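Welcome! Take a look at the model below, and then we can walk through it together with a few questions and answers.

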Amino acid sequence: MEEKGMSENKQYENAYKVQAVKLAKKIGAVKAANELQIPVNTLYGWIRKVKIGSLDIGCGERSPEESQNIAEEN
């Protein structure tokens, strides 16, 4: 059931979302969205998912506070 063309509800690979979010952290969401030619609202949605933990962007992407807490626990 592969539909080609620009459908409004485009499905992206998780790896693609991860790269987009990482790019957004580096250069800002609006610039990243323009560069990747995706709607900025789509990118904001992915960023929000990363924040609430429903999109995993891999290891080494913890906030400094989280890393601090983990270091103190050990």
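Q: Which residues of H1 meet H2?
A: This is a predicted model, where local features need pLDDT of at least 70, side-chain atom pairs count only at pLDDT 80 or more, and totals for chains, interfaces and linings use all residues. Residues are numbered from 1 along each chain as its sequence is written, and side-chain values use heavy atoms, with hydrogens and water left out. Contact here means heavy atoms within 4.5 Å. On the H2 side the partners are Ala29, Lys31, Ala32, Glu35 and Leu36, and on the H1 side they are Tyr16, Ala20, Leu23, Ala24 and Ile27.

Q: How do H1 and H3 lie relative to each other?
A: The axes of H1 and H3 are 10 Å apart, at an angle of about 95°. That angle makes H1 roughly perpendicular to H3.

Q: Which residues of H3 make the contact with H1?
A: From H1 come Tyr16, Lys17, Ala20, Val21 and Ala24. The residues of this contact of H1 with H3 divide into eight nonpolar, no polar and one charged. On the H3 side, the contact is made by Leu43, Trp46, Ile47 and Val50.

Q: Which residues of H3 are buried?
A: Buried means under 20% relative accessible area, exposed over 50%, and partly exposed in between (1.4 Å probe, protein chains only). What covers the buried residues of H3 includes H1 and H2. Those buried residues are Leu43, Gly45, Trp46, Ile47 and Val50.

Q: How far apart are the end C-alpha atoms of helix H3?
A: The expected span of a helix is 1.5 Å times one less than its number of residues. For the 13 residues of H3, residues 40–52, that should give 18 Å, which agrees with the end C-alpha separation of 19 Å.

Q: Is Lys25 buried or exposed?
A: Lys25 lies in helix H1, and its C-alpha atom is separated by 9.0 Å from that of Ile47, 22 residues apart along the chain. Because its relative accessibility is 53%, Lys25 counts as exposed.

Q: Leaving aside its neighbours within four places in sequence, what is Lys49 in contact with?
A: Lys49 is in helix H3, and at 39% relative accessibility it counts as partly exposed. Beyond those sequence neighbours, its contacts are Ser54 and Leu55.

Q: What pattern does the protein chain follow along the sequence?
A: Helices (H or I, at least four residues) and strands (E, at least two) are DSSP runs, numbered from the N terminus. The protein chain has four helices and zero strands. Read along the sequence, its pattern is α-α-α-α.

Key. Axes fitted to C-alpha atoms, helices over the stretch in contact; angles between N-to-C directions. Parallel < 35°, antiparallel > 145°, perpendicular 65-115°, else oblique. Nonpolar A, V, L, I, M, F, W, Y, C, P; charged D, E, K, R; others polar.
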